[in-house]
Amino acid sequence: MFLDPALTRFAAEQPGLDLRERFLDLPGVRLHVVEAGPADGKPLLLLHGFPEFWWGWRRQIPALAAAGRRVVVPDLRGYNLSGKPKGIRAYGLDPLTDDLRGLLDDLGGAGGAPTDVVAHDWGGAVAWLGALRFPERFARLAVLNIPHPAVMRQFLRHDREQRRRSRYIFYFQLPFLPERKIRAAGFRAFRSIFKRTSRPGTFSAEDLETYVDATRQPGALTAMLNWYRAALWCPPARPPHTV
């Protein structure tokens, strides 16, 4: 019996898959972690983006576990069953990168062995910064859907089309209103985020309901939006080797 209903559903869909659930206590936050594959396999850490949670990797987890990897998929800070600290500052890239260091420390063991990491969207932003700050903890890094932070800064400054596409970030800075709109009509606007950014048929109605259920966790929606708010109000200390 799993604490996360989404994991119970996933286990029913993948009856031969060795699935495990645990919590990792880090300074300031407790992270919900899903694992699959052999417990003694080489770790592979998967980091999700917005507005997802560990469930976003469900199509990749079985194949990676079958390849012998210990697949480790956390709910990042503020999402689903992970802790949701109060305040915008708690979701700045500095504390988020500290969470990543804690995850890598947990997986690397006493010897601090480097870990393979695959990250998407906001998870990729955290992974980029982590790789700049403590590169020795990464064996390999694959980042999907977000460029190197120096490239991102350059395009936000000089590319009008990129600024147009990123204007939703400024809308998310408003207090209360984004949460109210996203929750309205049974999270209709939330479902549209997935539909507008994917090919038709990518997400079933049941898939979307699973994402909605995770976002209905107390405090989750505001915590998820606080990642965007902190990006403007609580910028990270610049690591070495950036331009």
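A residue is called buried here when its relative accessible area is under 20%, exposed when that area is over 50%, and partly exposed in between, as computed with a 1.4 Å probe on protein chains only. The structure is a predicted model, in which local features need pLDDT of at least 70 and side-chain atom pairs count only at pLDDT 80 or more, while totals for chains, interfaces and linings use all residues. Residues are numbered from 1 along each chain as its sequence is written, and side-chain values use heavy atoms, with hydrogens and water left out.

A salt bridge is counted when a side-chain nitrogen of Lys or Arg lies within 4 Å of a carboxyl oxygen of Asp or Glu, and by this rule the count comes to 21 salt bridges. One of them joins the side chains of R20 and E35, with an N to O distance of 3.3 Å. Because R20 belongs to strand β1 (residues 19–26) and E35 to strand β2 (residues 29–36), the pair ties together parts that are 15 residues apart in sequence; strands are DSSP runs of E with at least two residues, helices are runs of H or I with at least four, and both are numbered from the N terminus. Within this pair, E35 counts as buried at 5% relative accessibility, whereas R20 is partly exposed at 21%.

A further salt bridge links R30 with D25, whose closest N and O atoms are 3.0 Å apart. Here R30 is partly exposed, with a relative accessible area of 43%, and D25 is exposed, with a value of 55%.

Turning to helix α3, the reader will find that residues 93–108 make up its 16 residues, and that the helix reaches 22 Å from its first C-alpha to its last, close to the 22 Å expected at 1.5 Å a residue, the expected span being 1.5 Å times one less than the number of residues. The buried residues of α3 include L93, L96, L100, L103, L104 and L107, together with G102 and G108. After the helix comes G109, whose phi is positive, near 75°.

D105 is partly exposed at 38% relative accessibility, while R137 is buried at 9%.

Finally, salt bridges also form a network, in which R9, E13, R58, R59, E206 and D207 are linked.
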